[in-house]
Amino acid sequence: MTNAYTPPKVWAPGKENGGQFASINKPTAGAQFDRDLPVGKHPLQLYSLATPNGQKVTILLEELLEAGHDAEYDAWLIKIGDGDQFGSGFVAANPNSKIPALMDHSTTPPQRAFESGSILLYLAEKYGAFLPKDAAGRTETLNWLFWQMGAGPYLGGGFGHFYAYAPTKIEYAIDRFTMEVKRQLDLLDKRLAETQFIAGDDYTIADMAIWPWYGRLITGGAYGDAATFLDAESYRNLHRWQAEIAARPAVQRGIMVNNVSGDPAGQLHERHDASDFMNRTQDKLQA
């Protein structure tokens, strides 16, 4: 193989490679500047961006409201491309400097929750919703929730990065992660041949965790022409499930929150009240 890379004995960061997101990736943690987080009128304060991980939480919050729970929330936009996640306030909410982060001011002191799967579990337990109460149903839901948390990096950081974002195309890396992503799609497709939803007959936080990643992927919403490359049309059961969840009004609202990309009609940069879906707060932010 030509241009083979020999790793140094001790790695040190070098110049940026030009790849997307290179400017915000660093080998250190912690705050890089002082900035407090805003706090709105509701107990639940979400700091996020409408990536798949961010959409998991806003979908659950909108589903809780749709089901009649008192889960009103403020959703503040964190622009990761601008480095908002490295402000001292955000780092206090999530020392890992990744969206989403949640602060629950209904407790004293306020309770932080970070990592999207942890936030889903926290809210599901807080409101007693979208997580079965029987041991078997709860365990199966958590099986699939934690599956997504472990599988997602192979999809996003592995396949998505090397297929769509890396500055050079590396056949070995693309083949390696394509193999794994297709295995994951086949796993989900086989599971959904047996059950209506991921964890069984009920719609749960497992569906909310998996849908923003894999539903978006198979319908052509992620990584350019990846759906064609992966032959996503062949996963029929997965498509059935994707469409069923996409039709839910709460899901349609949830994916709008903290959204700053794509069609402006599907964007709501910040959300502080249910009326914001009509008032369109992004217009105020762009002014």
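An open sheet is built from four strands, ordered β2-β1-β3-β4, with mixed pairing. Its edges are β2 (73–77) and β4 (111–114), each of which pairs on one side only. From one strand to the next, the twist averages 20 degrees. The model is predicted.

**Strand pairing**
- Strands of a sheet pair through backbone hydrogen bonds, in either a parallel or an antiparallel manner.
- Strand β1 (residues 44–48) and β3 run antiparallel and are joined by four bridges.
- Gln45 has Met103, in β3, standing opposite.

**Helices across the sheet**
- Helix α1 (residues 52–66) lies across β1 and β2, and runs at about 150 degrees to β1.
- Helix α3 (residues 116–127) lies across β1, β3 and β4, and its direction is at about 30 degrees to β3.

**Lys98**
- The loop between α2 (88–93) and β3 (101–104) holds Lys98.
- Lys98 has a relative accessible area of 45%, so the residue counts as partly exposed, a class that lies between 20% and 50%.
- Between Lys98 and Asp276 there are 178 residues of sequence separation and a C-alpha to C-alpha distance of 25 Å.

**Thr204**
- Thr204 sits in the loop between α5 (171–194) and α6 (205–218).
- Thr204 is buried because its relative accessibility is 2%, and buried means under 20%.
- With neighbours within four places in sequence left aside, the contacts of Thr204 are Phe130, Pro132, Thr141 and Ala199.

Key:
Residues are numbered from 1 along each chain as its sequence is written. This is a predicted model: local features need pLDDT of at least 70, side-chain atom pairs count only at pLDDT 80 or more; totals for chains, interfaces and linings use all residues. Side-chain values use heavy atoms; hydrogens and water are left out. Helices (H or I, at least four residues) and strands (E, at least two) are DSSP runs, numbered from the N terminus. Buried means under 20% relative accessible area, exposed over 50%, partly exposed in between (1.4 Å probe, protein chains only). Contact means heavy atoms within 4.5 Å. Two strands pair if DSSP finds at least two bridges between them. Axes are lines fitted to C-alpha atoms, for helices over the stretch in contact, and angles run from 0 to 180 degrees between N-to-C directions.
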